[in-house]
Amino acid sequence: MKLAGIHHVSAITADAEKNHDFFTLILGMRLVKKTVNQDSTSSYHLFYADAEGTPGTDMTYFDIPNAGRTYPGVSSISNTGFRVMSIEALDFWKQRFEKYQIQHDEVRERFGRKTLSFIDHEGSRLMLVVDNGEGVAYGTPWVKEDIPEAFSIVGLGPVSLTVREPESTARVLVEVLNFTEIGSYPSTVNGMPEIRVFSTGEGGPASEIHLETRTDLPVERPGRGSVHHVAFRVKTMEEYEEWENHLRKNGFMTSGLVDRYYFKSIYFREPNGILYELATDEPGFTSDEPIDKLGETLALPPFLEPRRAEIEASLRPINTN
């Protein structure tokens, strides 16, 4: 079995409205689903993606208003990449970040690709990466008046993990999840080993995990802007149950088969404590909303719909229009 790439990345926000404005107004992504955290229904769960909510394009946020600051460290998902289609796009985004006073680095090369790292108002560590046409290209830009379509974000790119003991994580990626180690590139931190790159599916930036070793950092203390988990794409519903059996045979305690309605999931932690999810592409975000209405109202899966009045009463009003 082979995973098809990154499915989504889920993080934490302490301010859903500012988070919405950043991802939709500044980054130009589409809010494709406004729902709730199914494990804590008094909290919003917001999904930002391409125009069609394509698997592999969505960054999601749990709204936790009292979340404190993040203290970065190891055992963390330390950076989330987003794909753009040209070096010229990076020039556009650098100017846009300067216009909106978004903290960013200079353009630099990582693993043979031009990249631009930036941080949102809550400290989310993000990066734009030029897709050089490797792997399978997918993602339909959500067209905004002030962002040329040719420069738009088209989907997720590499996801970075930062750990103290890399070998145990590498073993899980290669021996359990069937990734392939394809190379490395220099760390920006003096004295640290090169960052190792692991790929799955058809390859390319949308299918990569970048594994960074940091022996100089404590364990991360997560808060607003931190990443909760990374999900990988399960290609078929048949493979979904096979992955559950495969993980258990390899000694992992899993969540079991979890129906999230928009996709089906399996959760487990790897030895450095990072939470992984395996998620199916189907049935998708149009299960309960037409594609032209995605994200416009509060969507609840059928098993929560009978509790709509109670859930809506527990949520603080937010403006996502």
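Predicted model: local features only at pLDDT ≥ 70, side-chain atom pairs only at ≥ 80, totals over all residues.
Local features here need pLDDT of at least 70 and side-chain atom pairs count only at pLDDT 80 or more, while totals for chains, interfaces and linings use all residues. Residues are numbered from 1 along each chain as its sequence is written, and side-chain values use heavy atoms, with hydrogens and water left out.

**View 1. Lys94 and Glu106 form a salt bridge.** A salt bridge here is a side-chain nitrogen of Lys or Arg within 4 Å of a carboxyl oxygen of Asp or Glu. The closest N and O atoms of Lys94 and Glu106 are 2.5 Å apart. Lys94 sits in helix α2 (residues 87-99) and Glu106 in the loop between α2 and β6 (108-110), so the pair ties together parts 12 residues apart in sequence. Helices (H or I, at least four residues) and strands (E, at least two) are DSSP runs, numbered from the N terminus.

**View 2. Arg113 pairs with Glu134 in a salt bridge.** Their closest N and O atoms are 2.8 Å apart. This pair links distant parts of the chain, with Arg113 in strand β7 (residues 113-119) and Glu134 in the loop between β8 (125-130) and β9 (155-163), 21 residues apart. Arg113 is buried at 2% relative accessible area, whereas Glu134 is partly exposed at 29%. Buried means under 20% relative accessible area, exposed over 50%, and partly exposed in between (1.4 Å probe, protein chains only).

**View 3. Arg233 meets Asp281 in a salt bridge.** The N to O distance is 2.7 Å. Strand β13 (residues 227-234) holds Arg233 and strand β16 (residues 275-283) holds Asp281, 48 residues apart.

**View 4. Lys33, Asp288 and Glu289 are linked in a network of salt bridges.** The structure holds 21 salt bridges.
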